[in-house]
Amino acid sequence: NAPCAPCVPVSELLEARCEVETVEHPLQPFDPRAFEPDRLPSFDVELHRAARAALRPPRERRVEPLFSGSLTAAEPAAAGRLPVITLDDLVTFYDNPSKTMLRRHLQVWLDDPEGGLADREPEALGGLKGWALKDELLRWSATERVDLEAAERVRGLARGSGRLPLAGAGDRAAEAVRVGLLATLAAWREAGGPEAGAPSVDLKLDSAHLQGAVPGVVGDTLVTREVRSFRPPGRQLGLWIRLLGAATTAPVLTARRFSPDKVGGVTEDTLRLPSGADAAALLADLVAVYLEAHRRRLPLFEHASAAFATTGGNKKKCLYLHAAPEDFVEAGALGLVGKVLGIYDSSVKKAVSAWEHDPMFPYGHDMDCPYTVRLWGPRCPFLTTVGGKRHVNAEFAALALRVWRPLGLAQQGIT
C-alpha cells in the first residue's frame, strides 16, 4: 500500500515547476476518498456500497450470504444414468457441508485463517497444530514416507512444519508425538490392520450410484488408524459412513478406530451396527441429503446440527432418543415443546453454543469456519424467537435428527 511515484513525464513537469494540476488517486477503487465530491468522483454503485461498508465500525459490518436461492445440481445425470457418488464424497461432505458446497459446486476457495507466518514462535504444541502434526506424520507413515522408529527423522520433519516450540521444549513435544503414534500403530497391527482387505462398494440406489472402497476390513471388523477423537462431530460420522459402506458388501458389523491420546498412549473407539439395521437404506438417506444440498442451501452444519441432535445432560437426555425427523416436519419446530420441553430447550442452547464463540462448547464453532459464514452470514441462521422464547427452524431440526439419529441409536445399541 505504498504510494506510487508519478510517471516520468509528470515528474519532469513537476520538477520544472510548471503549473500542473495533480490528483492523487487512492490505491483501491473502493476507498471512500474515491467518492468525495471535491474531486473527480467514481460513479460505480457496487464500489460505493463497499466504500460505505468500510466506513462502518467493525461491529456494524455485515457479511452477506453468498446466495439464497436454488442451484443447478452439481451432480448432473446423463440421460438414463444415475449420478456417481463415492464414499469419500459423502465423508467429505458431512465433515463440513458448507465448505463442500462452496468448493465443489461454486469453486470458491477461501484462505485458511490460520495460514501465513505467525507473529511469534509457538510456546507449546497443542490444539489444532498438534492434531495437524500427528495427522501428517501418521499419513506419511502409512505411505512409508517416514519411519516413526527413526526419532531424528521425525524430529526433523516436525521442526520443518514450523509447529514445534523452540529448543528442548520442541524436542520433548516431538518425542511425545512419536511415542503416541507408535502406540497407535502397534494397536492397529495387533488388531490385524496390515492384513486388512479393501472391499469395493458398488451400490445402485434410487437417486444415485454409490461407489468406492473401504480399506481396513478384517473379518467382520473395520479397523482404522486415525488422529481423531470420537467426539468431534464430522469425524465420527465419517466412520459411520464407512462402516455402512463396508456392511453393504461384506458381513462387517463393527468398526474399531485407534487414535493417539494426549499422554503418549492410544485410544480405541468402537462402533457397532445394530442387528437388523439396513445399511443400504441408511446410506440412501445420507445420499439423498447430499444431493439436495447440491441443489440449494440446507441448514446442516458441522457443529450445531450434531449438538442439537446428540448432546444432553446424559445419554438418556439426547434429543434423538425422544424425537424423530418427521416430528418436526409435520408439526414444525414447536411441535415437541410440550412433549420434551426440558430436553428440547437444552438442545437449542447447545446448538446456539456450537454456532457462536462459546468457550463452554469445546469441539469447535461454526462461526469459526469462513465457508459457513460466507454461505450463511454471521448471524445464527436457524434460530427464531417466539413469545420471548428461542426455537430452531423446523428444517434445521429435522435435518439434524435425520443425519445424526441413526448414528446415535447405533452408539447406544438401539435397533
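Trainee: How do you know that strand E5 and strand E6 pair, and in which sense?

Mentor: In this predicted model, strand E5 (residues 221–225) and strand E6 (residues 254–260) pair in the parallel sense over 5 bridges. Two strands count as paired if DSSP finds at least two bridges between them, and strands here are DSSP runs of E of at least two residues, numbered from the N terminus. With 5 bridges, E5 and E6 therefore qualify as a pair, and within it Val223 stands opposite Arg256 in E6.

Trainee: What makes strand E4 and strand E7 the edge strands?

Mentor: The open sheet has 4 strands in the order E4-E5-E6-E7, with mixed pairing. Strand E4 (217–218) and strand E7 (266–272) each pair on one side only.

Trainee: Why is the space lined by Phe93 and Trp376, among others, called a cavity?

Mentor: On a 1 Å grid over the protein atoms alone, a cavity is a set of points where a 1.4 Å probe fits but cannot get out, and its lining residues have an atom within 4 Å of a point. The largest cavity has a volume of about 70 Å³, a volume being the space filled by probe spheres set on points joined across faces, edges and corners.

Trainee: Which helix gives the most to the lining of the largest cavity?

Mentor: H4 does, with 3 residues.

Trainee: How are the residues counted?

Mentor: Residues are numbered from 1 along each chain as its sequence is written. Local features need pLDDT of at least 70, side-chain atom pairs count only at pLDDT 80 or more, totals for chains, interfaces and linings use all residues, and side-chain values use heavy atoms, with hydrogens and water left out.

Methods: On a 1 Å grid over the protein atoms alone, a cavity is a set of points where a 1.4 Å probe fits but cannot get out, and a pocket is an open set with protein on both sides within 12 Å along at least five of seven lines; lining residues have an atom within 4 Å of a point.
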